[in-house]
Each structure stands twice: as C-alpha cells, then as structure tokens.
Amino acid sequence: MTHHEPGADDPLGLHGVVPPTITAFHEDESVDYETTAEHARFVVDRGVHGVFPLGTNGEFPLLTGEERQGVVEAVVDEVGGEVPVIAGVGAPSTYETITHAEHAESVGADGIVVVTPYYYPVDHEAALTHYRRVAEAVSLPVYVYHIPNKTGNELALETLDELAEIDNLAGVKDSSKNVPWLAQAIDAHPDLTFLAGSDSLLFTGLEIGCSGLVSAVANVFPELVVDVYEAYDDGDEERARELQSRVFDVRDAFKHGGGYMSGVKTALRFRGFDAGPLRSPLRLKDEASADELRERLEALELHDERSRSNGSGEQ
C-alpha cells in the first residue's frame with residue numbers, strides 16, 4: 001500500500017483533502033460571514049479532512065484586516081473541533097502577519113498558513129527573519145505557503161533548510177508547480193508535512209510524498225477530490241489516475257472564459273450553493289461563459305461520483 005504519512009514535526013498530522021475555502025460576499029461586496037461558514041460546512045459534510053480559509057480562493061488580498069479576522073472566526077465557529085482549521089494569515093509585512101497570527105490563535109484556529117511576503121522582494125535573510133518572528137508569536141503549528149508566481153518571492157531550497165529548524169514550523173503548502181523543487185524539498189525534510197497546492201498535481205503530489213491536497217476543485221466537488229485521495233491511499237493508483245484525469249477536465253472547465261476563481265463560485269451555484277459575487281476587480285463568469293461551464297460540467301456527470309464509487313461494494 002502506498003501512503004505518505006504527515007511529517008513528525010506536524011502536530012496536526014495534516015493529510016487528505018484540505019480545500020482553500022471561499023469567502024462569500026453579499027451583492028454589495030460586503031463579506032457574508034454566515035455563507036462563508038456554510039461553505040466550510042458544505043465541504044466538511046462531504047468528507048474533506050481539513051479546511052484552509054483565506055487562501056487564494058478565499059480572496060484574502062482583497063479583504064481588510066478586520067474582515068479577514070471575521071472570516072477566521074466564522075469558519076472556526078462552524079467546523080472547528082471537527083477537522084483542523086488552518087487559517088491564512090500572511091501579509092506583506094511581518095507586523096501585520098503577526099497581528100493576524102495572534103488573532104487566529106486567540107479564536108481557536110488549529111494552525112496558521114503563512115504565505116511568503118508579497119509585492120516587495122524578500123531575500124534569504126528577510127524570509128528567515130519573517131518566519132522566525134511569526135512562529136515565535138504563536139504556539140500553533142506554522143505552514144509555509146509557497147506560491148512564487150503570485151508573490152514574486154520564491155524560496156530557495158537552502159532557505160527552506162533553515163526554515164525547517166524553526167520549532168513550530170510544521171509543513172509547506174506548495175503551489176509553485178515546480179515539481180523538482182517540491183520533490184527535493186520533500187526528500188530533504190521527511191519530518192515536515194507537504195501539501196500539494198495545485199489541482200494539476202494531486203496525483204503527482206501524492207506520488208512524490210505529499211500527505212495532503214489543497215484543492216480548489218474540492219471547493220465545488222469535494223467528493224471527487226476525496227475519491228482521488230482515498231483511491232491513492234487504498235493503493236488503487238489506476239483509479240487515482242483516472243480521477244485525476246477527471247479533475248483535469250473540471251479544472252479546464254473552470255478556467256475557460258474567465259479566471260479560475262470565477263469558475264469556482266459559478267460552478268458552486270450549479271450545486272445550489274450561492275456564495276455571491278467575487279470582490280471586484282475579480283468577477284463571476286458572464287452568462288455565455290456560465291452556460292458553457294454548466295454544459296461542460298454536466299457532460300462530466302460529476303454529481304454521481306460518490307455514489308458510483310461506493311456502489312460497487314467497496315468500503
């Protein structure tokens with residue numbers, strides 16, 4: 001059986017599917033905290049293993065500090081204690097990141113996810129100082145969020161080597177799509193937990209040693225991504241590959257005719273979950289693109305994924 005355990009340095013033992021849950025908005029673009037909490041409930045009720053509010057899908061750079069704190073509270077209140085809640089707290093400044101980190105700890109988040117600082121370039125020493133100071137400010141496990149194409153700051157493997165020595169550094173969520181970087185990072189740091197951060201690399205991430213999947217597709221079709229993980233975990237690599245192929249199709253459908261983020265919220269509407277608009281300048285798909293998305297998803301027949309996989313007498 002192939003199975004990659006979370007790292008020994010990760011007290012939460014993060015594994016499985018951890019969606020980067022969405023932030024819902026009212027029509028006037030103010031935050032809808034109740035629906036934001038309901039989305040965490042939606043994915044937890046469908047079998048995910050943890051939730052990550054305020055990732056890219058949570059539109060965190062578009063929120064005020066107060067709104068971000070409200071989102072963390074809403075999600076912790078709804079699903080805290082049932083699955084680990086790892087809260088995104090990253091900001092361009094160490095000062096603001098620490099403020100969010102301390103708040104997340106105070107309201108009961110189980111861990112914090114700290115995106116590398118963005119906008120300004122950050123060198124080796126700056127990255128070390130940033131993560132050390134944030135980690136010292138809390139007793140929670142800290143997960144580094146590596147997404148250089150959005151932040152402009154890539155972590156060298158040598159930098160990660162030193163970050164790994166921070167006491168409460170528990171793992172890395174990697175969205176670089178740089179498979180050699182991730183493979184070498186995992187090889188060098190067996191005690192850390194690694195989470196694959198792209199829907200294009202769910203199967204690949206598991207193959208090279210990730211224990212968990214942070215999947216935007218799982219925000220809409222958690223059943224499908226849970227099936228990918230469970231198939232792989234059960235040693236059925238052939239089925240895991242087939243399911244990854246279906247995830248590719250969903251991902252392509254989401255991306256078509258507007259950004260990926262619009263695909264997530266538009267597709268959720270087809271499942272009867274209305275999370276409102278995205279916050280401008282992001283936007284939902286226009287009517288023509290939404291119709292095409294619906295057609296493409298209907299052709300994939302995703303609604304019966306869970307019943308099909310469990311209807312064959314498998315556990």
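This is a predicted model: local features need pLDDT of at least 70, side-chain atom pairs count only at pLDDT 80 or more; totals for chains, interfaces and linings use all residues.
View 1. A search of the whole structure finds six aromatic pairs, and one of them joins Phe60 to Tyr118 in an edge-to-face arrangement, with 6.1 Å from centre to centre and 75° between the planes. Phe60 belongs to the loop between helix 1 (33-44) and helix 2 (65-79), whereas Tyr118 belongs to the loop between strand 3 (111-115) and helix 4 (124-137), so the pair ties together parts that are 58 residues apart in sequence. Tyr118, at 18% relative accessibility, also counts as buried, because the cut-off for that class is under 20%.

**View 2. Phe203 and Tyr232 in an aromatic pair.** Phe203 and Tyr232 form an edge-to-face aromatic pair, with ring centres 5.7 Å apart and an angle of 80° between the planes. Since Phe203 lies in helix 8 (residues 202-208) and Tyr232 in helix 9, the pair ties together parts that are 29 residues apart in sequence. Phe203 is buried at 7% relative accessibility, and Tyr232 is buried with a relative accessible area of 3%.

**View 3. Charged side chains over aromatic rings.** Arg46 lies over the face of Phe42, at 3.9 Å from the ring centre. In another part of this view, Lys255 lies over the face of Tyr260, and here the distance from the ring centre is 5.6 Å.

**View 4. Tyr145 and Lys173, listed by UniProt under "active site".** An unreviewed UniProt entry lists Tyr145 and Lys173 for this feature; although the two are spread over 29 residues of sequence, they cluster in space, with a largest C-alpha distance of 4.8 Å. The lining of the largest pocket includes both Tyr145 and Lys173. Tyr145 is placed in strand 4 (residues 142-146) and is buried, with a relative accessible area of 3%. Its side chain is joined to that of Thr56 by a polar contact of 2.8 Å, and the residues that Tyr145 touches, not counting those up to four places away in sequence, include Phe52, Val113, Thr116, Tyr131, Lys173 and Ser175. Lys173 lies in strand 5 and is likewise buried, its relative accessible area being 5%. Leaving aside neighbours within four places in sequence, Lys173 is in contact with Phe52, Val144, Tyr145, His146, Leu195, Gly197 and Val214.

**View 5. Val214, a UniProt "binding site" position.** The feature "binding site" is placed at Val214 by an unreviewed UniProt entry. Val214 lies in the loop between strand 7 (212-213) and helix 9 (222-233), and Val214 is buried, with a relative accessible area of 2%. Apart from neighbours within four places in sequence, the contacts of Val214 are with Val18, Pro20, Phe52, Lys173, Leu195, Ala196, Gly197 and Ser198; among these, Lys173 is one of the residues listed by UniProt for "active site".

**View 6. Polar contacts of Ser176.** Ser176 is found in the loop between strand 5 (169-174) and helix 7 (179-188), where Ser176 counts as buried at 18% relative accessibility. The side chain of Ser176 makes a polar contact of 2.9 Å with the side chain of Asp174, and a polar atom of the Ser176 side chain lies 3.0 Å from the backbone nitrogen of Asn178. When residues up to four places away in sequence are not counted, Ser176 touches His146, Pro148 and Trp181.

Definitions and conventions:
Residues are numbered from 1 along each chain as its sequence is written. Side-chain values use heavy atoms; hydrogens and water are left out. UniProt positions are given in the numbering used here, feature names are shortened, and annotations may be inferred rather than shown by experiment. Helices (H or I, at least four residues) and strands (E, at least two) are DSSP runs, numbered from the N terminus. Buried means under 20% relative accessible area, exposed over 50%, partly exposed in between (1.4 Å probe, protein chains only). Contact means heavy atoms within 4.5 Å. A polar contact is a pair of N or O atoms within 3.5 Å; within protein, one must be able to donate a hydrogen and the other to accept it, and residues adjacent in sequence count only if both atoms are side-chain atoms. Rings of Phe, Tyr and Trp (its six-membered ring) pair if their centres lie within 6.5 Å; planes under 30 degrees apart count as stacked, over 60 as edge-to-face and the rest as tilted. A charge sits over a ring if NZ of Lys or CZ of Arg is within 6 Å of the ring centre and within 35 degrees of the ring normal. On a 1 Å grid over the protein atoms alone, a cavity is a set of points where a 1.4 Å probe fits but cannot get out, and a pocket is an open set with protein on both sides within 12 Å along at least five of seven lines; lining residues have an atom within 4 Å of a point.
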